[in-house]
Amino acid sequence: MDFCQGNKAPELSLKKFQKIRDLIYEVSAIYFPDNKKYLLENRLFNRLKSHKLKSYDDYYYFLKYDPLRSKELKALFDAVTTNETSFFRYPIQIDAFKSIVFPEIIAHKKKNNQNRLRFWSAGCATGEEPYTLAMIIMEVLKEQIKGWDIDVLASDISQTALLSARKGLYNEYSMRNTSQHYKDKYFIKNGSTFQLDEQVKKLVTLKYLNLADDKNIKTIREQDVIFCRNVIIYFEDDSKKKVISRFYDSLRPGGYLFIGHSESLHNITRAFKLIHFKGALAYKKE
């Protein structure tokens with residue numbers, strides 16, 4: 001019996017792990033250090049079973065050379081990435097965006113007779129972050145929103161997560177940081193699920209995007225704010241520097257970058273000005 005037909009994952013040798021790990025890194029910038037081998041083992045085994053492959057070597061060659069490799073890489077990214085998120089996650093950062101950063105952007109645009117607003121949620125998972133931004137935009141602008149050209153770009157490497165985001169259907173756990181005001185105004189509750197209002201969804205453009213894809217990222221320009229929280233933790237230092245450099249180029253002068261509250265750009269770049277808010281930090285392109 002081929003081991004792929006069993007229920008127990010075989011041991012993944014360090015050498016084979018490193019081959020597959022390096023291939024994942026090459027195409028996605030997602031990096032698994034040697035001490036995270038156990039995280040990859042069961043997830044890789046599920047992909048082997050899916051294709052009825054006999055060994056990790058077979059899977060490596062499938063990823064490397066098979067005509068269907070592109071489709072399988074997307075399935076693999078779904079398997080190895082974690083989509084832990086919620087609406088209004090890290091409320092202090094979200095409040096800094098709503099109370100300080102967004103009003104500053106609005107004032108800048110009005111002063112320069114501009115009406116274009118661009119925001120990017122990089123690594124948006126199942127959509128809670130970009131939809132949070134969209135709701136805040138609607139709250140702040142109110143009736144004036146019709147006079148603005150607004151797009152919240154929401155990108156992720158997981159097709160499954162993006163499919164879930166398109167549905168806009170969420171459970172209680174996703175709503176755990178959401179106030180009753182937002183629940184009542186922007187969701188329809190049905191039992192234990194919450195359906196997001198279509199007007200919120202219309203402000204958001206969902207897009208498959210690999211942050212290691214220079215060609216596509218170079219098309220994203222003049223962003224007012226980029227949120228990329230708890231994403232670059234999956235990258236090693238060189239990849240972090242490249243991704244942050246791409247974000248810098250994607251921002252307009254005066255634009256802001258928000259990263260995870262426990263993350264830092266120390267030893268990654270000095271291009272940004274560190275901005276201190278009460279209980280939160282952001283990075284500004286001057």
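Strands β3 and β5 (residues 193–196) pair in the antiparallel sense over three bridges; strands pair if DSSP finds at least two bridges between them. Helices (H or I, at least four residues) and strands (E, at least two) are DSSP runs, numbered from the N terminus. This is a predicted model, in which local features need pLDDT of at least 70 and side-chain atom pairs count only at pLDDT 80 or more, while totals for chains, interfaces and linings use all residues. Residues are numbered from 1 along each chain as its sequence is written, and side-chain values use heavy atoms, with hydrogens and water left out.

The open sheet has three strands in the order β3-β5-β4, with antiparallel pairing. Its edges are β3 (169–171) and β4 (187–190), each with a single partner strand, so one side of each is left without a neighbour in the sheet. From one strand to the next, the twist averages 30°.

The helices come next. Two packed helices are described by the angle between their axes and the distance between the axes. Here axes are lines fitted to C-alpha atoms, for helices over the stretch in contact, and angles run from 0 to 180 degrees between N-to-C directions. Helix α1 (residues 14–28) packs against helix α2 (residues 37–51) at an angle of about 85°, with the axes 11 Å apart. That makes α1 roughly perpendicular to α2 (65 to 115 degrees; under 35 is roughly parallel, over 145 roughly antiparallel and the rest oblique). In α1, Leu-14, Phe-17, Ile-20 and Ile-24 meet Lys-37, Leu-40 and Leu-44 of α2, where contact means heavy atoms within 4.5 Å. By class, this contact has six nonpolar, no polar and one charged residues (Ala, Val, Leu, Ile, Met, Phe, Trp, Tyr, Cys and Pro count as nonpolar, Asp, Glu, Lys and Arg as charged, and the others, Gly among them, as polar).

Helix α1 also meets helix α4 (residues 69–80): their axes come within 12 Å and cross at roughly 100°. The two helices are therefore roughly perpendicular to each other. Leu-23, Ile-24, Val-27 and Ser-28 in α1 meet Arg-69, Leu-73, Leu-76 and Phe-77 in α4. These residues divide into six nonpolar, one polar and one charged.

Arg-21 also lies in α1. Arg-21 is buried, with a relative accessible area of 5% (buried means under 20%, exposed over 50%, partly exposed in between, with a 1.4 Å probe and protein chains only). Not counting residues up to four places away in sequence, Arg-21 touches Tyr-31, Phe-32, Pro-33 and Asp-34.
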